[in-house]
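Okay, thanks for making time, everyone.

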Number of protein chains: 2
Amino acid sequence: MNVINDEALTAVRSLEDCRALDANDPLRGLREQFELPEGVIYLDGNSLGVMPRATPERLQVVTREEWGQGLIRSWNAAGWFELPARVGDKIARLIGAGAGEVVATDSTSINLFKVLSAALEMQREDAPARRVIVSERDNFPTDLYIAQGLIRERGYELCLIDDPAELPQALDAEAAVLMLTHVNYRTGAMHDMAAVTRAAHAVGVKVVWDLAHSAGAVPVDLVGAAADFAIGCGYKYLNGGPGAPAFVWAHPRHVDRFRQPLSGWWGHASPFEFTPDYRPAAGISRYLCGTQSVLGLAALDCGVDTLLAAEPLGGVAALRAKSLALTGLFARLVDERCAGHGLAVVSPRESALRGSQVCLSHAEGAYAMVQALIARGVIGDFRAGDSARPDILRFGFAPAYLGFADVWNAVEHLLQVLEKGEWRRPEFNGRNAVT
Amino acid sequence: MNVINDEALTAVRSLEDCRALDANDPLRGLREQFELPEGVIYLDGNSLGVMPRATPERLQVVTREEWGQGLIRSWNAAGWFELPARVGDKIARLIGAGAGEVVATDSTSINLFKVLSAALEMQREDAPARRVIVSERDNFPTDLYIAQGLIRERGYELCLIDDPAELPQALDAEAAVLMLTHVNYRTGAMHDMAAVTRAAHAVGVKVVWDLAHSAGAVPVDLVGAAADFAIGCGYKYLNGGPGAPAFVWAHPRHVDRFRQPLSGWWGHASPFEFTPDYRPAAGISRYLCGTQSVLGLAALDCGVDTLLAAEPLGGVAALRAKSLALTGLFARLVDERCAGHGLAVVSPRESALRGSQVCLSHAEGAYAMVQALIARGVIGDFRAGDSARPDILRFGFAPAYLGFADVWNAVEHLLQVLEKGEWRRPEFNGRNAVT
């Protein structure tokens with residue numbers, strides 16, 4: 001289902017044109033599921049998704065009824081035990097995985113520790129000479145930190161490439177595991193999951209994908225790509241709330257083969273037998289560890305539902321088409337309307353290479369411009385550069401709750417910030433805050 | 001402050017006597033902080049604490065205002081980033097730790113993995129020949145499972161003793177770490193933390209304490225006992241809600257020496273510099289890993305507050321005095337009123353050896369009796385035995401919300417179940433449910 005009129009999109013020259021696109025957007029109704037504050041254009045859903053209207057009410061039920069009245073009985077009666085698998089099954093529908101292949105649990109970092117150590121352990125059997133984890137220097141840092149914590153204990157090496165073009169060279173006879181984030185958190189650049197996985201497998205390397213900036217925003221086909229393991233985040237495009245549980249997936253061909261270093265009782269085959277010896281549960285459930293956050297899982301359930309609501313409207317493909325239309329329009333309008341102010345679009349222009357965000361660079365004003373925009377109610381975020389990378393203004397476009405008029409208005413605010421020199425005001429230049 | 005009239009306690013012969021004790025109980029007002037369902041006597045607070053009245057409202061604020069309106073800005077503006085340390089500081093006051101020594105985070109099992117690997121790593125430097133983790137076979141199984149997951153990777157051994165009397169022998173020249181749960185989850189038997197820690201240290205063994213059944217219920221003095229590491233649970237006596245975040249402590253003498261195998265970005269010295277190399281934060285903050293559950297931490301905060309409310313009334317010492325009075329009375333009334341039905345009190349009679357629970361054994365009817373009691377609104381739980389241990393009926397006594405009349409009524413219900421033979425009814429004998 002093509003939800004976007006390409007001709008009308010290309011012809012956009014005004015706020016009215018954008019409003020017309022919104023009026024004809026078949027996904028427009030999804031927006032009603034969310035609580036969007038007055039006067040805010042929220043372009044930071046890739047950092048913390050907005051709140052579904054259903055969430056506060058759901059938490060009232062979970063607390064006042066299930067916990068308050070049901071107490072311990074609700075582990076069974078209210079289905080609390082099933083939440084990691086039940087929410088996992090819903091997430092599976094967004095990432096090309098099957099039922100029973102995903103659990104929602106713990107944090108992204110902790111889940112990465114689980115799958116990375118499982119992948120290394122499998123390679124220890126399959127190819128013991130392979131002792132290197134390959135990743136990108138520009139990967140989200142916590143992924144690198146987790147790899148560092150793991151190799152520190154186990155004597156592996158971490159090889160970081162600076163450009164995806166170096167991948168073929170890095171995937172050598174010593175490479176054990178390739179660990180990549182599908183969509184880069186800074187630039188929004190997206191890997192071709194199937195092609196990269198194929199190339200890695202061809203030379204005997206297992207692949208772990210971090211879907212933090214993918215799940216709920218871009219099409220993912222884990223089983224189709226024959227990936228080995230994947231993890232992802234619940235509080236970005238899945239709208240699960242601050243610090244929501246993350247998720248973890250293993251390809252069914254690995255089922256019951258991979259292990260769990262964090263072998264807690266929730267991953268035990270019979271947790272309520274209270275036997276002293278660990279015996280892993282069948283399938284992905286063995287990736288559970290301790291008792292799971294019921295509040296967090298209930299809120300994540302509401303968040304995932306907002307994306308599943310797109311299924312009758314074309315699902316992830318329709319969300320993706322709209323997302324590309326939003327990000328493409330934003331980049332074009334920045335080019336056209338903000339020219340001459342030193343901004344450059346850093347994210348890939350080509351649709352197939354772009355996630356659901358657009359990043360802009362500016363030599364001196366990126367931080368202050370983000371602050372000035374926030375003061376105007378346009379919320380994006382700033383990511384500092386270094387010797388190899390520019391400072392960036394980062395704008396995420398969640399297709400479930402953003403529209404084309406939001407894009408127009410965001411660019412209009414940016415233009416004002418630039419033309420009026422607002423970003424040079426001292427109050428926007430103290431780089432202390434973190435967002 | 002002695003909150004209990006010992007003479008009146010010893011003289012209890014009726015429900016009225018118990019009501020009189022309640023009327024004179026200076027901690028009685030604490031009960032008003034909780035939502036206690038009608039018709040329920042809740043003796044399972046050692047499995048899932050009851051809900052504070054403040055929690056649902058707090059979650060409304062966190063969702064509708066902080067998340068819904070504040071969005072990403074609330075990480076700073078609403079203090080979300082500070083929650084693990086802020087709640088940790090409150091928990092510290094209940095366990096004899098100082099401010100800045102505790103963080104609330106992740107699950108008990110995951111925190112155990114962190115501290116156990118830290119303790120082993122310290123021993124690798126201090127005493128590399130020591131390659132054994134000592135624990136009890138009757139420890140809570142997830143603690144053993146986590147140790148098994150860790151030694152599987154690192155080539156240590158796990159030595160399980162069957163009786164605390166075997167400890168001196170087990171703490172030999174090969175022992176690296178002693179890992180104990182302070183109050184046994186099945187029997188309620190409590191270790192002398194200071195004495196055991198002293199004995200372990202005297203022979204060069206580091207000590208990790210699991211406070212799951214201690215924090216909020218019995219006095220704990222971690223710094224006074226000079227323990228090395230401790231972890232504990234947020235959803236039992238701390239009333240943090242189902243799957244609440246757990247907590248982790250390291251003795252200040254180890255500060256900045258211990259490491260974090262789960263080295264995620266929240267434990268980084270400068271998480272928002274996004275540098276590719278992990279550099280641990282100062283102090284206990286390095287025990288954070290990924291992004292923390294704000295919903296879970298906010299609810300835990302409300303739970304911990306219900307115990308801090310006892311501080312002007314004598315604090316943990318007063319809670320402990322009342323807890324001992326409740327458990328002592330329960331054991332005595334079971335002895336006196338339920339004699340001849342095959343029940344035996346399994347928990348220690350001596351106050352110093354008893355946590356905040358009383359366990360009863362019955363050769364054939366433990367499971368069915370628990371079910372029959374639940375049907376009457378008296379909620380305890382069942383723990384299956386094995387060749388070495390009897391089946392038990394487990395009753396936890398949270399002094400913050402239980403009273404002496406509850407004890408009387410619970411025993412009265414138990415007596416009815418026994419005298420009327422209710423536990424022999426078929427509907428109470430299907431051992432499928434888990435609670």
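So, B:Phe274 is buried, at 6% relative accessible area, and the cut-off for buried is under 20%. Keep in mind that this is a predicted model. B:Phe274 sits in the loop between strand E10 (246-250) and H11 of chain B. Its backbone is worth a look too: phi is positive, about 55°, and B:Phe274 is not a glycine. Most residues other than glycine have a negative phi.

A:Asp256 is not a glycine either, and its phi is near 70°. You'll find A:Asp256 in the loop between strand E10 (246-250) and helix H11 (294-308) of chain A. A:Asp256 comes out partly exposed, because its relative accessibility is 43%.

Okay, on to the interface. Chain B puts 82 residues in contact with 82 residues of chain A. About 7,300 Å² gets buried between the two chains, and carbon and sulfur atoms give 66% of that. And here B:Phe274 comes back: together with B:Trp67 and B:Tyr145, B:Phe274 supplies 12% of the area chain B buries against chain A, more than any other three residues.

What about the polar side? There are 26 residue pairs in polar contact between chain B and chain A. On the side of chain B that touches chain A, H7(B) gives the most, with 11 residues. By class, that side has 40 nonpolar, 26 polar and 16 charged residues.

And how many salt bridges cross the interface of chain B and chain A? The rule finds six. A:Arg124 and B:Glu153 also meet in a salt bridge through their side chains, at 3.8 Å, N to O.

Technical notes:
Residues numbered from 1 in each chain as written. Chains lettered and ligands numbered in written order. Predicted model: local features only at pLDDT ≥ 70, side-chain atom pairs only at ≥ 80, totals over all residues. Heavy atoms only, no water. Contact = heavy atoms within 4.5 Å. Buried area = accessible area lost by both parts, 1.4 Å probe. Salt bridge = Lys/Arg side-chain N within 4 Å of Asp/Glu carboxyl O. Polar contact = N/O pair within 3.5 Å; in protein donor to acceptor, adjacent residues only side chain to side chain. Helix = DSSP H or I, 4+ residues; strand = E, 2+ residues; numbered from the N terminus. Nonpolar A, V, L, I, M, F, W, Y, C, P; charged D, E, K, R; others polar. Buried < 20%, exposed > 50% of the residue type's maximum accessible area, 1.4 Å probe, protein only.
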